[in-house]
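Open the model in your viewer and keep the selection tool at hand. This short tour goes from stop to stop, saying what to select and what is there.

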Amino acid sequence: TEILCIMELDNLYQEVILDHYKRPQNKKLATTFDAQVHHVNPSCGDEIDLNLVIRNEVVTSITWDGVGCSISQASVSILSDLLLGKTIAEAEHILNNFTELMQSKGTMVGDDEILEDAVAMAGVSKFPARIKCALLGWMAYKDAVVQAQAKL
């Protein structure tokens with residue numbers, strides 16, 4: 001039954017990824033922003049443009065556009081939904097947690113209280129070539145925060 005549960009969980013996670021891929025959150029670049037970044041994964045050609053607005057240390061807008069595989073596109077959709085309304089410190093904690101999950105080589109399942117839908121990416125960490133896909137939007141967000149804070 002444990003294997004059955006793992007298989008059911010994998011199916012659920014695949015559904016979450018496909019749902020975010022087919023119905024992405026916040027996928028329309030806002031015209032006003034504090035920072036705008038463009039990231040490319042050279043190994044597969046995935047691209048993300050991400051616009052960020054921060055007010056009083058709170059992420060008030062994350063919008064994006066991009067092209068690429070379901071993993072990169074779903075991951076940035078999850079990020080844009082998850083980090084919205086969080087303080088920079090809360091968002092950094094989530095980002096660090098997600099990065100640790102991606103670097104776990106499949107040994108971690110992730111904390112769904114912290115990562116919410118992002119735990120669906122846990123299985124990606126077993127495939128080194130796909131980790132960059134999952135992290136693309138997160139690294140774009142990280143750079144955007146640095147840019148936005150430099151303007152404060």
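**A tour of the sheet and one serine**

Select residues 47-55 and 58-67, which are strands β2 and β3; they pair in the antiparallel sense over nine bridges. Keep in mind that this is a predicted model.

Now pick out two cross-strand pairs. Glutamate 47 has valine 67 in β3 as its bridge partner. Leucine 50 stands opposite tryptophan 64, also in β3.

Go to the turn. β2 and β3 form a hairpin, with two residues between them. Select asparagine 56 there: its phi is positive, about 50°.

You now have an open sheet of three strands in the order β1-β2-β3, with antiparallel pairing.

Next, select residues 128-151. This is helix α5, which lies across β1, β2 and β3. Helix α5 runs at about 150° to β1.

Last stop: serine 72, in helix α2 (residues 70-82). Is serine 72 buried or exposed? Serine 72 is buried, with a relative accessible area of 0%. Show its side chain. The side chain of serine 72 reaches the backbone oxygen of cysteine 69 at 3.2 Å. It also makes a polar contact with the side chain of glutamine 73, at 3.2 Å. Beyond its neighbours within four places in sequence, serine 72 is in contact with Asp46, Ile48, Cys133 and Leu136.

Technical notes: Residues are numbered from 1 along each chain as its sequence is written. This is a predicted model: local features need pLDDT of at least 70, side-chain atom pairs count only at pLDDT 80 or more; totals for chains, interfaces and linings use all residues. Side-chain values use heavy atoms; hydrogens and water are left out. Helices (H or I, at least four residues) and strands (E, at least two) are DSSP runs, numbered from the N terminus. Buried means under 20% relative accessible area, exposed over 50%, partly exposed in between (1.4 Å probe, protein chains only). A polar contact is a pair of N or O atoms within 3.5 Å; within protein, one must be able to donate a hydrogen and the other to accept it, and residues adjacent in sequence count only if both atoms are side-chain atoms. Contact means heavy atoms within 4.5 Å. Two strands pair if DSSP finds at least two bridges between them. Axes are lines fitted to C-alpha atoms, for helices over the stretch in contact, and angles run from 0 to 180 degrees between N-to-C directions.
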